[in-house]
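Here's a walk through one protein chain, piece by piece. Keep the sequence and the 3D view open while you read.

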Amino acid sequence: MNTRATQGDRSPGTPSTPRLRHRRRSSEFQVLSDLNRPNGSHLLINDKEKYRSMMIRAYSSIWMIAAAALVIYLGHLYIWAMVVIIQIVMVWELFNLRRRANEDSRLPGFRLLNWHFFFTAMLFVYGRILSQQLVNTMMSDRIFYKLVSGLLKYQMVICYFLYIAGFMWFILTLKTKMYKYQFGQYAWTHMILIVVFTQSSFIAANIFEGIFWFLLPATLIAVNDVAAYIFGFFFGRTPLIKLSPKKTWEGFIGASVTTMVSAFVLANILGHFQWMTCPRKDLSTGWLQCDPGPLFKPEYYTLPAWFPHWLPHEIAILPVQWHALCLGLFASIIAPFGGFFASGFKRALKIKDFGYSIPGHGGFTDRMDCQMVMGVFAYIYHQSFVVACDLSVEMVLDQILSNLSFEEQQSLYMKLGQVFYERQLKVH
């Protein structure tokens, strides 16, 4: 009876299937969720659940800041180790996104193949980045120096054949009716290596140029993220982009201003610590002392006469503060698009977060989306506009130590001594 009555109430042109009913319920749920979105009918500040979420997020942030501060205090090598650990966790989170237990059970060792490609990429990238530091560290021991020099010389060949071994391993493990899944995993692994690992490796390269060039860009992204959250929480009304409904124009503009001011101020504070500004030329863990260079020596500017008399007549500004404004501008305007990309990617995969490693934040990948974009820019900016283009004694010496064997270095030393001796005779 009830079934017939229900069927009679339907319009003749409207079919009813379980899938259609599911779509109707989904669309109704979507409408309700859209109405309850923070930027839809009310501010985030009026949502009590958002206060609870903000407190969890704040506690997690405090613990992360405390842990990061301790690692930064320990120095370059420990910061690099922290970056490597974060990379491994990020890759683990992303590998798990596309993992299917049923298919994996039919492919023993397939997970190991993904990690083989990852550690091969790590050996190649960090072998290139840390080659000079490795050579300088081993200079005191002749045996280890020769061993490291030989490994660095053939590092590209070693990594290439490791990759080829993984490629052959993949081909030999292909199974009928599993081709689509296996090739999908192969492409997914390489996407992770290119988009995630390669970009984040630039962050590690910044560390050895001076902790300043790692810490300032990373801090600006954190400042921008926190400021956008706070301004959006209290003042957000206008949605910024559909990919991320919680982002608002009020949060974006407030965060941009805050980040620019923070960049100028933080560069002045960090620029006064030598152990932050000195580049690390080896893999030791001691404190550094060096000539800070012209970027970190103050320049004095006289204020106009119309400024109040109770203000100082001149102010000291470090030249690096002007570079910091460029970093701040990028962190405010362009780096957030890394977050938008991640938001769109998560929507495509129909997930909320990449992982659950950090309460209130999601996974490490969720926290590093903008950091990766910023790290690449900071490295390129430093190499293009900060590092001197002309040759220096230190640069030539680095090339000699990295490219010449110990016997060739001795020969060069003898020839240079002979050249200096002949010039001295001509002078007298």
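## The disulfide

The link of Cys278 and Cys290 is left-handed, with -100 degrees about the S-S bond. This bond is a disulfide, meaning a pair of cysteine sulfur atoms within 2.5 Å, and here the S to S distance is 1.9 Å. Both Cys278 and Cys290 sit in the loop between α13 (274-277) and β3 (299-302), 12 residues apart. A search of the whole structure finds one disulfide.

How covered up are the two ends? For that you need some cut-offs: buried means under 20% relative accessible area, exposed means over 50%, and partly exposed is in between (1.4 Å probe, protein chains only). Cys278 counts as buried because its relative accessibility is 1%, while Cys290, at 26%, counts as partly exposed. Two other cysteines to look up are Cys326, partly exposed at 34%, and Cys370, buried at 15%.

## Where this model comes from

You're looking at a predicted model, where local features need pLDDT of at least 70 and side-chain atom pairs count only at pLDDT 80 or more, while totals for chains, interfaces and linings use all residues. Residues are numbered from 1 along each chain as its sequence is written, and side-chain values use heavy atoms, with hydrogens and water left out.

## The whole chain

The chain has 18 helices and four strands. These are DSSP runs numbered from the N terminus: helices are H or I with at least four residues, strands are E with at least two. Of the 428 residues in the chain, 36% are buried.

A contact means heavy atoms within 4.5 Å. Take the contacts with a separation of 6 or more: 73% of them are between residues 24 or more positions apart. The chain exposes about 26300 Å², and carbon and sulfur atoms supply 67% of that; such areas come from the Shrake-Rupley method with a 1.4 Å probe, and for residues only the protein chains shown count as cover.

## Helix α9, seen end-on

Helix α9 (residues 155-172) has 18 residues and reaches 26 Å from its first C-alpha to its last, close to the 26 Å expected at 1.5 Å a residue. That expected span is 1.5 Å times one less than the number of residues.

Which residues of α9 are buried? They are Gln155, Cys159, Gly166 and Phe170. Looking down the axis of α9, its buried residues fall within an arc of 50 degrees, so they line one face of the helix; the arc is that of the directions from the helix axis to the C-beta atoms. They pack against α6 (110-129), α8 (142-153) and α10 (179-207). On the other side of α9, Phe161 and Leu172 are exposed.

## Aromatic rings

There are 33 aromatic pairs in the structure. Rings of Phe, Tyr and Trp (its six-membered ring) pair if their centres lie within 6.5 Å; planes under 30 degrees apart count as stacked, over 60 as edge-to-face and the rest as tilted. Phe95 and Trp115 have ring centres 5.1 Å apart and planes at 90 degrees, so the pair is edge-to-face. Phe95 is in helix α4 and Trp115 in helix α6, 20 residues apart. Both belong to one aromatic cluster that also includes Trp80, Phe118, Phe119, Tyr126 and Phe197.

Now find Gln87, which also lies in helix α4 (residues 76-97). Gln87 counts as buried at 2% relative accessibility. Leaving aside neighbours within four places in sequence, Gln87 is in contact with Phe118, Met122, Tyr126, Phe197, Ser200 and Ser201.
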